[in-house]
Amino acid sequence: MAWLDSLSPQTQFVFFTLLKIACVLGPLLTLVAYAVLAERKVSALIQDRVGPNRVNLPLIGSIPVLGPFLTKLGFWHPLVDGVKSFIKEDFTPAHVRKIYFWLAPAISLVPAFLVIAVIPFGSTLGAQKMVIADLNVGILYTFGIVSLGVYGIVLAGYAANSKFPFLGGIRASAQMISYEIAMGMSVIPVFLVVGDLNLGKIIEHQAQNGWNVLPIFGGGFSAQSLLLIPCGVISFLIFFISALAETNRLPFDMAESESELVSGYHTEYSSMKFGMFFIGEYANMFAGAAMMTTLFLGGWTLPFLGLDVAPADGEWWKGLLHIGIFMAKMLGFMFTFIWIRWMLPRFRYDQLMDLGWRRMIPLALANIILTAAVLALTNR
Amino acid sequence: MIVKRNELTWFERLYLPALIGGLKVTSRHFLNTLTTKTPVTQQYPEEPTKVLPGYRGAPYLVRDQDGATKCVSCQLCEFVCPPKAIRITPPGPTGKPADRTNAEKMPEEFEINMLRCIFCGLCQEVCPEEAIFLKSDFSLTGLARSEMIYDKEKLLALGGTHPGIQKWKHKLDEAKEQETFPVKV
């Protein structure tokens, strides 16, 4: 590594950042593809079906036990799905507004990836922090980017120039703007408790004082941590429900609502343009899951076996283990997302707005006051 | 009928009982399918579909027990066929005689266009010689339209044999059965 040391600190920074971007984006896209497979398999199991089990690759398929097993698992389906969406006809209907029609898929894809930049997905490997951009305003940046996500959907609805996508776009804009408020308010208690906006610092605080969703271990059973339990649970639940709404997942998939609006904002899209909406949706889910893991479940830490501190020099296996812990928590959330989709029916539009404005936002406000009161009374 | 709709209680309006109920149902189905491996799916091309008796599949011509063509080229099926899927070329005065006894003639060519056929079974019902039957085949495929027009050789090969040379016997039995009540099947 002599040539690395010979570089200037700035060049090293650029080099490592590019490396981290590559190491995050590649696995993220793979995970997105396999999340689609997981969605199909989990839905199949919940509905007593078999699910995708057809694709067989020539060489690997002939390995005795492994080949048939992977085929049965549907392991190669994401690969084939990807190829399919590239070689399908990319049809642009005559009546669409062309510029927006081409722009919308990209706009819905980019914010999802930008959010990942501030997520600390591991402790350290060598001297490098496992986060692409260690911003001091991490969470503010996240909310700024997440709110851009609505533009992709609204633009798609507008660009399609036909009624179902338009309705989908309108619904999505109203829904996402409403739930963003609840989402933003639900994390304020976290910052009241932690006192910092940097996501890395939030994880550090949770390692010392217990996870935000259930702050009982770590700092011991003080009166404060006991009193903070309801605050943590309420803000986690509000954040979780808002995350479902923000990512347009059932029971809040107003933007898509297949049974009413054909398929909502992406009705007129085909081929890879549709694929980009799809990737964007799942990448958004991953971003939401990663945010919840970081804010409420202690990120890459586990409160035992000494896994809650950054590894010392030479303990690179521990750094990898931390990344694994983070992934496990995130995938747990992904499974919950998928599970909920195949469990709950869609909310009616007015019920959705009612839940957002008349239940979630007041509850989140009350929770802020409650948390502040607890912190003031226990004399922090 | 008037359905009495009870007011939801405070607890029920929290949406939690429905949520927990849903979690229970879905997790039970998930785990059951995962562990006992009894999904309801039929793996179609590997597991052939069971066709029940009385199913109306593709119409084929049958041979009698001696391997002779049963069809006598009366063209009743051609006339009755609603989508005009059947086309029969009769032998004419100079054509080949029938290859079985007790028959005047047999068709020179017998074509069924399987793309036109609606599998209604009228040809089987109208046939006085019991020469055409709707078999259990349901997945007919071809790479060209011309492949989907089945000629006489193909229909006879697919139809197999159907003994029972005594003309009208079965029809007579059927008619007699209907005179008594209840109908014996």
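Start by selecting strand β2 of chain B, residues 86–89, where the side chains alternate. Buried here means under 20% relative accessible area, exposed over 50%, and partly exposed in between, with a 1.4 Å probe and protein chains only. Strands are DSSP runs of E with at least two residues, helices are runs of H or I with at least four, and both are numbered from the N terminus.

Before moving on, a word on the model: it is predicted, so local features need pLDDT of at least 70 and side-chain atom pairs count only at pLDDT 80 or more, whereas totals for chains, interfaces and linings use all residues. Residues are numbered from 1 along each chain as its sequence is written, chains are lettered from A and ligands numbered from 1 in the order in which they are written, and side-chain values use heavy atoms, leaving out hydrogens and water.

Pairing requires at least two DSSP bridges between the strands. Look for F110(B) in β3(B): opposite it stands I88(B).

Now show both chains and turn to the interface. Here 14 residues of chain A are in contact (heavy atoms within 4.5 Å) with 16 residues of chain B. About 1400 Å² is buried between chain A and chain B, with carbon and sulfur atoms giving 66% of that area. Buried area is the accessible area (1.4 Å probe) that two parts lose on being put together, summed over both. Select L45(A), D48(A) and M343(A): these supply 38% of the area that chain A buries against chain B, more than any other three residues.

Which side chains meet in a salt bridge? Pick E46(B) and R54(A), at 3.2 Å from N to O. The count between chain A and chain B is one salt bridge, defined as a side-chain nitrogen of Lys or Arg within 4 Å of a carboxyl oxygen of Asp or Glu.

Two stops remain, in chain A. Select H266(A), in the loop between α11 (258–261) and α12 (271–296). H266(A) counts as buried because its relative accessibility is 4%. Leaving out residues up to four places away in sequence, H266(A) touches E256(A), F274(A) and F277(A).

Finish at K20(A) in helix α2. K20(A) is buried, with a relative accessible area of 12%. Beyond its neighbours within four places in sequence, K20(A) contacts Q128(A), K129(A), V131(A) and I132(A).
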